[in-house]
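Hi everyone, thanks for making time for this one. Let me put the sequence and the structure on the screen, and then we can walk through them together.

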Amino acid sequence: MGNEANCKVQFGKQRSEGTALLETSEILFRGEFRLKIPFSTIKSAKALDGELRLQTAEGLAVFHLGAAAEKWRDKILHPRSRIEKLGVKPGAKVSLFGSFAPDFFMEIGGLTKSVSKGKVAADSEWIFFAANSEGELGALPKISKSMKGAAALWIVYPKGQKHITENDVLAAGRNSGLKYVKVVGFSLTHTSLKFVIPLSER
């Protein structure tokens, strides 16, 4: 995916090999020490000779990323919006099933007027299903049967909860005959998995 790299990182007097992760709104490092740097705390981001140099309030963090340094810098300085990551285009036919925060309704409403709430329209190109518990995933078979062609389903669920996990969502999607293709951080509290109808079934 290009957002994970094994590299060496320097932070103050600390140096370590480890794994760097470029998330939606922060960069993480796990090695002999750990770093969590929210984009909002980065004062400057530069790419020089294969090094990603991030100036933070706590000091300078240097990630030795090689050719990926410039790409990571650009993603930090110009992060894509949530809608861009989810792939929804202007004018698309969207169905929303479940409970979503007002800001998401506003984002979708600003992109398209063709929005069905509380049910899945037969001609939907994008379906967003908010599942807050494993039990709510029981609605998936009905939703999957309403999908046609290249329609995509995003299942949005809470992060880090025991009552609904990534494995629960993956299993429910696959048991409904769908193929998992992508993950996107939906918000600070929720994540989302994308499912489509397998090509052989369309």
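Here is a question to start with: among contacts between residues at least 6 apart in sequence, what percentage join residues at least 24 apart? For this protein chain the answer is 51%. Please keep in mind that what you see is a predicted model.

Now for the overall picture. The chain has 202 residues, and 43% of them are buried. Its secondary structure amounts to 5 helices and 13 strands. Along the principal axes, the C-alpha trace spans about 55 × 35 × 30 Å.

Let's go inside. The largest nonpolar core holds 23 residues, and the ones with the most contacts inside it are Leu35, Leu52, Leu54 and Phe63. Strands β1 through to β7 and helix α1 each give two or more residues to this core, and β1 provides the largest share, with 4 residues.

Which residues does Leu52 touch, leaving out those up to four places away in sequence? Its partners are Ile27, Lys46, Ala61, Val62, Phe63, Leu65, Ala69, Trp72, Arg73 and Ile76. Among these, Ala69, Trp72, Arg73 and Ile76 fall within α1, which runs over 69-77.

There is also a second, separate core of 20 residues, which includes Val120, Leu153, Val169 and Leu193. Val169 brings us to helix α5, residues 166-175, where Asp168, Val169, Leu170, Ala172 and Gly173 are buried. The buried residues of α5 pack against helix α4 and against strands β11, β12 and β13. Just after this helix, Gly177 takes a positive phi of about 85 degrees.

Of its 33 lining residues, Leu22, Glu23, Thr24, Val184 and Gly185 are the closest to the centre. The elements giving two or more residues to the lining are β2, α2, β11 and β12, and β12 gives the most, with 4 residues. So what is the lining like by class? You will find 12 nonpolar, 11 polar and 10 charged residues there.

Notes
Residues numbered from 1 in each chain as written. Predicted model: local features only at pLDDT ≥ 70, side-chain atom pairs only at ≥ 80, totals over all residues. Heavy atoms only, no water. 1 Å grid on protein atoms, 1.4 Å probe; cavity = no way out; pocket = protein on both sides within 12 Å on 5 of 7 lines; lining within 4 Å. Nonpolar A, V, L, I, M, F, W, Y, C, P; charged D, E, K, R; others polar. Core = buried A, V, L, I, M, F, W, Y, C linked by side-chain atoms within 4.5 Å. Buried < 20%, exposed > 50% of the residue type's maximum accessible area, 1.4 Å probe, protein only. Contact = heavy atoms within 4.5 Å.
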